[in-house]
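Open the model in your viewer and keep the sequence panel beside it. This tour moves from one selection to the next.

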Amino acid sequence: MAEEKKHLLTREGLKRLNDELHELEVHKRKEVRRKIAEARELGDLSENAEYDAAKDEQRDIEARIEQIKLILTNYEIIEDEGDGTVITTGCTVKIRDMELKEDEEYQIVGSTEANILEHRISNESPIGVALIGAKKGETVKVETPAGLLKYKVLSFSR
C-alpha cells in the first residue's frame with residue numbers, strides 16, 4: 001500500500017486543530033447529547049424535526065472528530081526550509097496583481113489549512129506552486145481556467 005501523503009501544518013494550524021478537537025469532544029458532544037435528550041422528551045421521534053436536526057449535528061460532529069484525528073495521526077510541521085532568499089511553504093507573501101494593480105497578502109500553507117477567506121492558500125494551489133521558489137521583485141505567471149495571471153512579489157517573510 002502506498003504511503004499516505006502527510007498533512008503539512010503550521011504550528012498555529014496544529015494548535016487550532018487540537019483546540020477544535022477538544023471543543024468538539026468535550027463541549028459539542030455534551031451539547032448535542034442534551035439536544036437529543038430534550039428532543040426525545042417531545043414524544044414521537046418519527047415526526048420530530050428537533051430530534052432529526054440534533055442527530056444530524058451529532059453525525060457532523062463525529063465526522064469532523066474523525067477527520068481531525070486522521071490528520072493528527074499523519075502530519076508534518078512546516079519548518080523553515082529555505083535560506084530566506086526564496087519563498088517557501090509557511091511564508092507570508094505580499095504580491096501585486098499586475099492586471100488589476102491590487103496588492104494581496106497570503107500565507108502559503110499545506111492544503112489542510114488552506115482557507116482563502118483567511119488569506120491562507122495551499123502550497124499545491126496554482127498560485128502557491130508559482131510562488132514557491134520565487135524571490136522578491138520577481139513576476140510569476142499563474143495558469144488558471146480564467147487565463148494567465150501575473151503577480152509581482154513585493155515582499156515575503158517567515
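Start with Val 142: its bridge partner in β7 is Leu 149. Strands here are DSSP runs of E of at least two residues, helices are runs of H or I of at least four, and both are numbered from the N terminus. Before going on, note that this is a predicted model: local features need pLDDT of at least 70, side-chain atom pairs count only at pLDDT 80 or more, and totals for chains, interfaces and linings use all residues. Residues are numbered from 1 along each chain as its sequence is written, and side-chain values use heavy atoms, with hydrogens and water left out.

Now select β6 and β7. They pair in the antiparallel sense over 6 bridges; strands count as paired if DSSP finds at least two bridges between them. A hairpin through 2 residues joins β6 to β7.

Colour β6 by face. Val 140, Val 142 and Thr 144 make up the covered face. Thr 139, Lys 141 and Glu 143 form the uncovered one.

Zoom in on Thr 144. Is it buried or exposed? Thr 144 counts as buried, at 17% relative accessibility. Buried means under 20% relative accessible area, exposed over 50%, and partly exposed in between, with a 1.4 Å probe and protein chains only. A polar atom of the Thr 144 side chain lies 2.7 Å from the backbone oxygen of Gly 147.

Zoom out to the sheet. It is open, has 5 strands and runs β5-β4-β3-β7-β6, with mixed pairing. β5 (120-122) and β6 stand at the edges with a single partner strand each, so one side of each has no neighbour in the sheet.

Next, select β3 and β7. Their pairing is antiparallel, over 6 bridges. Ile 95 stands opposite Val 153 in β7.

Stay on Ile 95 and show its contacts (heavy atoms within 4.5 Å). Leaving out residues up to four places away in sequence, Ile 95 touches Glu 102, Asp 103, Glu 104, Tyr 106, Leu 131, Tyr 151, Lys 152, Val 153 and Leu 154.

Which residues have the most contacts inside the largest nonpolar core? They are Ile 87, Val 93, Ile 95, Leu 131 and Val 153, in a core of 14 residues. Such a core is a set of buried Ala, Val, Leu, Ile, Met, Phe, Trp, Tyr and Cys residues joined through side-chain atoms within 4.5 Å. β3 (92-97), β4 (102-109), α3 (126-131), β6 (139-144) and β7 (147-157) each supply at least two of this core's residues.

Last stop: another core, of 12 residues, lies apart from this one, and includes Leu 14, Ile 65, Ile 68 and Ile 71.

How values were computed. Polar contact = N/O pair within 3.5 Å; in protein donor to acceptor, adjacent residues only side chain to side chain.
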